[in-house]
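Work through the exercises below with the sequence and the 3D view open. Each task is followed by a solution in steps.

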Amino acid sequence: MTVNGPGSAGGQWAPASTVEIRELECFLVLADELHFGRTGERLYVSQSRVSQLIRSLEQRIGARLVDRTSRRVRLTRLGEDFLQALRPAYAALRDTVDNARAAASGLNGPLRIGFQGIVGYAFMDVIGEFEDRYPECAVRLTELPLSDPFGPLYRGEVDTAVVLLPVTEPTLVLGPVFSRQPQYLAVSRRHAFATRTTLDAEDLATTPLLGVAAPAPDYWREAQAPTRTPSGTPVPQGPTIGTLQEGLSLVAANRGVMLLCHPTTEHHHRRDVAYVPVTGLPDSALGLIWRRDLHNARVRAFAEAVANASVHQQDSTEPIQQQASSVH
């Protein structure tokens, strides 16, 4: 079926049934930008190609959708109405394609993510966006004990995990690294350090430091609670702990002090605990890890989502590097 109209080849409009997805995408971007040059940049095509796609779409519809002058670009009344109807329809079509692709690639079923301590707002945003993109892949969050960062992965209780670095396990893969943070010392309000505005790493040699209990490997426990200062002076050893809450309770009772990252201190305000910044220690960091022999499509897709969020939000005032926090 054809519809007569001016400006079409042979005086006829092209059949509406042959509408191209690329034409619709171009119209949607142009409606956002109202500028042919910027639309071409977003679509990686020339400005003349944008004009060609819009003209072709208008021919299929049988009327102008865009008014263009030397000074401005605006949608016609029909263009506005078409935009309002097209957006939800296009989104539904895109979701249908994404869902089919996800099913074909194994991106359906639960994704079990382990985490230590807390998961910040920006990291939860990444999870939400991942679930929106792959609605058949529901995320399940599981808190990991501070003293057992890798065990749940080995036992198959989670598919991937957000843990404190370092990770040197030969059977685990370290994916995106993020949330690099300065370290703070949690001390009792009764401790002599509670009134200090800053501490040096060498000050750790003067007070018992809470350690991490087994089964966490020795190298990992040493990174979270060093047994020597940077100069080599021994650090007095306090009780060992299995969870963050155990540690904070012992700190409040003045049984020892504990190293944490800044975001964790902000999420755990206590009247009986003070948090003092420590200079001279390497920043803590988080990493996404998974078993080398169980690297499935869901894990790969989530790792890509985390990596993209880390890159895209580097200049944000609340980047994922700061908000995806755990016990540091």
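**Exercise 1.** What percentage of the 328 residues of the chain count as buried?

Solution. The model is predicted, so local features need pLDDT of at least 70 and side-chain atom pairs pLDDT 80 or more, while totals for chains, interfaces and linings use all residues. Residues are numbered from 1 along each chain as its sequence is written, and side-chain values use heavy atoms, with hydrogens and water left out. Buried means under 20% relative accessible area (1.4 Å probe, protein chains only). By this cut-off, 47% of the residues count as buried.

**Exercise 2.** Compare the span of helix α1 with the expected span, then list the buried residues of α1.

Solution. Helices are DSSP runs of H or I with at least four residues, numbered from the N terminus. Helix α1 covers residues 21-33, which is 13 residues. The expected span is 1.5 Å times one less than the number of residues, here 18 Å. From first C-alpha to last, α1 reaches 18 Å, close to that value. Its buried residues are E23, L24, C26, F27, L28, V29, L30 and A31. After α1 comes L34, with a positive phi near 50 degrees.

**Exercise 3.** Describe how α1 and helix α2 (residues 36-43) are placed against each other.

Solution. Their axes (lines fitted to C-alpha atoms over the stretch in contact, with angles from 0 to 180 degrees between N-to-C directions) come within 9 Å and cross at roughly 130 degrees. This makes α1 oblique to α2, since angles under 35 degrees count as roughly parallel, over 145 as roughly antiparallel, 65 to 115 as roughly perpendicular and the rest as oblique. Contact means heavy atoms within 4.5 Å; α1 contributes R22, C26, V29, L30, D32 and E33, and α2 contributes F36, R38, T39, R42 and L43.

Terms used
Helices (H or I, at least four residues) and strands (E, at least two) are DSSP runs, numbered from the N terminus. Buried means under 20% relative accessible area, exposed over 50%, partly exposed in between (1.4 Å probe, protein chains only).
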